Amino acid sequence: MNDLKVSASIMCGNPMKFGWELDKLEKAGADLIHFDMMDGHYVENIAMGIYMLEQMKKRTSIPFDVHLAMFHPEKHIEKIASILDENDCIHVHPESTVHIHRVLRDIKRMGVKAGVAINPATNEDCLEYLIDDIDMVLAMTVSPGFAGQKFIKQTLGKIENIRKMADDRNPDLMIAVDGNINAETIPGCVKAGADVLVAGTSSIFKGDDADYKELIQKMKDSVK
């Protein structure tokens with residue numbers, strides 16, 4: 001497994017102060033910025049467009065972890081990847097495109113890390129022919145679209161299976177978990193094989209006065 005990392009879900013921050021949020025997260029030592037792009041069709045929500053990503057990327061040196069919760073991501077890969085660099089990652093869902101292997105290939109061709117996002121009801125067997133060629137799996141522990149949902153415990157077995165597959169074929173693969181990730185759910189996720197914790201309203205973004213550095217450390221300490 002890789003060293004445990006925290007990816008701060010910027011969508012959950014104060015939308016009137018995103019620049020301030022990024023500065024605060026950088027000072028706090030966040031490892032990644034989780035950036036959700038939603039089209040209102042693949043999930044019943046619309047969030048965070050390309051121009052916002054462009055401006056945020058200019059604001060901080062923290063690597064980005066971009067989650068495309070949208071149909072036909074191939075239409076936007078070239079533009080999104082042109083904003084990012086080799087330290088950033090783009091995740092796509094298997095159900096969102098007809099030829100996911102081609103999409104992943106195009107992401108890597110653009111010099112960006114490629115990831116696959118797996119919904120709670122998506123069988124991890126879909127990774128069988130993809131896992132050798134990707135850098136990260138984003139295991140959703142809630143159905144994507146909205147913050148504040150209940151953690152789905154059955155996803156822990158899925159994370160274990162993905163870790164076993166990765167250990168056999170791609171040991172450097174990172175496994176991120178996203179959905180109600182907090183001090184109560186983190187130990188089980190890490191035990192199952194997760195090494196990237198996507199942090200939202202239940203763990204970091206608790207108001208303007210929250211101490212992000214303390215909260216990030218608390219997430220990492222919760223597995224001790």
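A strand here is a DSSP run of E of at least two residues, and strands are numbered from the N terminus. The model on screen is predicted.

**Stop 1: the annotated group.** Select H34, D36, H67 and D178, which the UniProt annotation "binding site" covers in an unreviewed entry. These residues span 145 residues in sequence, yet no two of their C-alpha atoms are more than 11.0 Å apart, so they gather at one spot.

**Stop 2: H67.** Next select residues 64-69, which form strand β4 and include H67. Is H67 buried or exposed? Its relative accessibility is 1%, and buried means under 20%, so H67 counts as buried. Now show what surrounds the residue. Leaving out residues up to four places away in sequence, H67 touches H34, F35, D36 and M37, along with H91, H93, A117, L138, M140, P144 and D178.

**Stop 3: D36.** Move to strand β2, residues 32-39, where D36 lies. D36 has a relative accessibility of 5% and therefore counts as buried. Which residues beyond four places in sequence are in contact with D36? They are S9, M11, A47, M48 and H67. Then display the side chains of D36 and H34: a polar contact of 3.1 Å joins them.

**Stop 4: a second annotated set.** Finally, select S9, H67, G145, F146, A147 and G148, listed by UniProt for "binding site" in an unreviewed entry.

Technical notes
Residues are numbered from 1 along each chain as its sequence is written. This is a predicted model: local features need pLDDT of at least 70, side-chain atom pairs count only at pLDDT 80 or more; totals for chains, interfaces and linings use all residues. Side-chain values use heavy atoms; hydrogens and water are left out. UniProt positions are given in the numbering used here, feature names are shortened, and annotations may be inferred rather than shown by experiment. Helices (H or I, at least four residues) and strands (E, at least two) are DSSP runs, numbered from the N terminus. Buried means under 20% relative accessible area, exposed over 50%, partly exposed in between (1.4 Å probe, protein chains only). Contact means heavy atoms within 4.5 Å. A polar contact is a pair of N or O atoms within 3.5 Å; within protein, one must be able to donate a hydrogen and the other to accept it, and residues adjacent in sequence count only if both atoms are side-chain atoms.
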